[in-house]
Amino acid sequence: MPAVIEVSCINCDMCVPECPNDAISLGAKHYEVDPTLCTECVGYYDKPTCIAVCPIDCIYLEPSN
Ligand code: SF4
Ligand code: SF4
């Protein structure tokens with residue numbers, strides 16, 4: 001499931017250069033993940049690196065149904 005950025009994102013930019021798939025970009029109000037590009041960092045990192053670097057923990061993996 002792709003990563004999701006909550007509205008509490010403070011647009012600090014830290015996650016953007018860390019994403020191996022360039023899946024994170026600035027949306028209308030805050031940064032957003034393109035779910036078609038996010039691969040949960042599989043093959044690059046053990047855990048989603050955007051979640052690891054976000055200073056306010058506002059990114060989560062979309063729960064699977
Ligand atoms: S989980 Fe990985 S691939 Fe997905 S948006 Fe975050 S850094 Fe990018
Ligand atoms: S690291 Fe967190 S607070 Fe910073 S831009 Fe990314 S999602 Fe937003």
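Where is the place of His 30? His 30 sits in the loop between β2 and β3, where helices (H or I, at least four residues) and strands (E, at least two) are DSSP runs, numbered from the N terminus. Before going further, a word on ground rules: this is a predicted model, in which local features need pLDDT of at least 70 and side-chain atom pairs count only at pLDDT 80 or more, while totals for chains, interfaces and linings use all residues. Residues are numbered from 1 along each chain as its sequence is written, chains are lettered from A and ligands numbered from 1 in the order in which they are written, and side-chain values use heavy atoms, with hydrogens and water left out.

Back to His 30. Its relative accessibility is 11%, so His 30 counts as buried; buried means under 20% relative accessible area, exposed over 50%, and partly exposed in between (1.4 Å probe, protein chains only). Not counting residues up to four places away in sequence, His 30 touches Ile 5, Glu 6, Val 7, Cys 9, Asn 11 and Ser 25, a contact being heavy atoms within 4.5 Å.

Follow that list to Ile 5, which lies in strand β1. Ile 5 is buried because its relative accessible area is 9%. Beyond the residues up to four places away in sequence, Ile 5 touches Ile 24, His 30, Tyr 31, Glu 32, Val 33, Cys 58 and Ile 59. For a sense of distance, Ile 5 and Lys 47 are 42 residues apart along the chain, and their C-alpha atoms are separated by 16 Å.

Ile 5 also brings us to the nonpolar core. In soluble globular proteins, nonpolar side chains tend to be buried together. Here the largest nonpolar core has 14 residues, and those with the most contacts inside it are Ala 3, Ile 5, Ile 24, Val 33, Cys 50, Cys 58 and Ile 59. The elements that give two or more residues to this core are β1 and β3 (31–33). A core of this kind is a set of buried Ala, Val, Leu, Ile, Met, Phe, Trp, Tyr and Cys residues joined through side-chain atoms within 4.5 Å.

Now for the ligands. Ligand 1 is surrounded by Cys 19, Pro 20, Asn 21, Ile 24, Val 33, Cys 38, Thr 39, Glu 40, Cys 41, Pro 48, Thr 49 and Cys 50; a residue is near a molecule if one of its heavy atoms lies within 4 Å of it. By class, this shell has eight nonpolar, three polar and one charged residues. In that scheme Ala, Val, Leu, Ile, Met, Phe, Trp, Tyr, Cys and Pro count as nonpolar, Asp, Glu, Lys and Arg as charged, and the others, Gly among them, as polar. Around ligand 2 there are 13 residues, the closest being Cys 9, Cys 12, Asp 13, Cys 15 and Cys 54. The shell of ligand 2 has 11 nonpolar, one polar and one charged residues.

How many disulfides does the structure hold? It holds zero disulfides, where a disulfide is a pair of cysteine sulfur atoms within 2.5 Å.

Asn 21 is found in the loop between β1 and β2 and is partly exposed, with a relative accessible area of 22%. Asn 21 touches Leu 37, Thr 39 and Tyr 44, not counting residues up to four places away in sequence. Its side chain reaches the backbone oxygen of Leu 37 at 3.5 Å. Asn 21 and Cys 38 are 17 residues apart in sequence, yet 6.6 Å apart in space, C-alpha to C-alpha. Thr 49, for its part, lies in helix α1 (residues 49–53) and counts as buried at 9% relative accessibility. Leaving aside neighbours within four places in sequence, Thr 49 is in contact with Glu 18, Pro 20 and Cys 41.

Key
A polar contact is a pair of N or O atoms within 3.5 Å; within protein, one must be able to donate a hydrogen and the other to accept it, and residues adjacent in sequence count only if both atoms are side-chain atoms.
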